[in-house]
Amino acid sequence: MRPVHYITIAVAIALVAILYFGANTVPPRKADAETAAATSTPHTVKAISFDSLLAAARQKLPQHAQEEIQSVEKQITAIHDSSRMAALFDTLARLWQEHRQIPIAAYYHLQNGKLDNSEKKLTFAAQLFLEFARRAGSESEQAWNGQMAIEGFNRALEINPSNDTTKVLLAECYIGTGQTMQGVMLLREVTEKDPANIPANLILGQQGIVSGQLDKAMARFETVLKAEPQNVEALLGMAEVYKNKGDKQKAIGLLQQAKQVMNNPEFSKDIDDYIKSFE
C-alpha cells in the first residue's frame with residue numbers, strides 16, 4: 001500500500017494534480033468519460049528559470065562549497081568529451097545534494113543521465129523533480145520541477161518503452177501540469193495491458209471523480225480494493241464517490257475504515273472534520 005499524504009482529508013482524496021501540483025480540479029458540469037477533465041482550461045503557471053533557482057541556491061551555500069562547485073563548473077566548460085563531462089555532472093549533482101539543494105542536484109543528475117543514456121539515472125532525477133514538485137514553495141517552482149520531471153521520465157521511456165511504472169509517474173506529471181489528456185492516455189495504455197495495475201487505477205479513479213464519471217471512478221477503485229482491501233487511497237476515493245452519489249452513510253463507513261487502517265491521530269481528526277462537513 002502506498003503512503004497517503006494526510007495533512008488534510010481534502011488532499012488525500014483529491015486528484016493527483018492537487019496532491020502534487022495544486023492544479024484546479026473543479027469538476028466540469030458535463031463530462032465525457034475519464035478524459036472530461038482534460039477539456040477544461042488548465043491552470044497554467046510560468047515556470048521559474050533554472051538560472052534563477054541556481055542563483056538563489058548559491059546564496060545558501062557556505063563559501064567553501066561555492067568554491068568547490070565553481071571549480072567543477074570551470075572544468076565542465078573546458079572539456080568536450082561526453083564521458084568526462086558526465087562524470088563532472090555527477091560530481092556537481094552530489095555536491096548540491098550534499099547541501100540539500102535538491103532541484104539543482106536533480107538538474108545535474110538529469111544531465112548526467114542524458115549523457116550516459118541511463119534509464120536508471122534519468123528515472124532517479126525525474127523522481128527527485130517529482131518529489132520536490134509536491135512540496136515546492138511556489139507555483140512557478142512547482143511548474144519547473146514538473147516540466148523537468150516530464151523530460152526525465154520521457155527520456156527514460158525512450159530507452160525502455162515498456163516500463164509501466166515510469167509511464168504512471170509520467171502520467172502523474174502530465175496531469176499535475178495541466179496536460180490531462182496525455183496523462184489519461186498513458187494510464188489507459190497501462191491498464192489495457194495490465195487491468196489490475198493499482199497506481200494507474202487509483203489515478204484514473206481520481207480522474208473519474210473530477211470529471212463527474214462516478215460509475216467509472218467506482219469501477220477503478222473496486223479493482224484496487226479487490227487486490228488490496230486496505231488500500232487507503234482507494235477507500236478514500238470510494239468514499240468520495242458515494243458521497244457524490246448522495247449515499248453519505250456508505251461514504252462515512254469507508255472513511256471510518258480508512259481511519260482504522262491508518263491508525264494515526266492526525267489523520268483520524270482530518271477524517272472526523274471531513275465527516276462533519278457532510279451535515
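Analyst: Let's start with the outward face of α10: turned away from the buried side, it carries M185, E192 and K193, which are exposed (over 50% relative accessible area with a 1.4 Å probe, protein chains only; buried means under 20%, and partly exposed lies in between). Helices here are DSSP runs of H or I with at least four residues, numbered from the N terminus. This is a predicted model, in which local features need pLDDT of at least 70 and side-chain atom pairs count only at pLDDT 80 or more, while totals for chains, interfaces and linings use all residues. Residues are numbered from 1 along each chain as its sequence is written, and side-chain values use heavy atoms, leaving out hydrogens and water.

Now turn to the other side. The buried residues of α10 are T180, G183, V184, L186, L187, V190 and T191. They cover an arc of only 160 degrees around the axis, judged by the directions from the helix axis to the C-beta atoms, so they sit on the same side of α10. That side packs against α9 (164-176), α11 (198-211) and α12 (214-227).

Beyond its neighbours within four places in sequence, L187 is in contact (heavy atoms within 4.5 Å) with V168, A171, I175, A200, I203 and L204. L187 is also among the residues with the most contacts inside the largest nonpolar core, which has 51 residues; such a core is a set of buried Ala, Val, Leu, Ile, Met, Phe, Trp, Tyr and Cys residues joined through side-chain atoms within 4.5 Å. A second, separate core of 28 residues includes I209 and L225.

Notes:
Helices (H or I, at least four residues) and strands (E, at least two) are DSSP runs, numbered from the N terminus.
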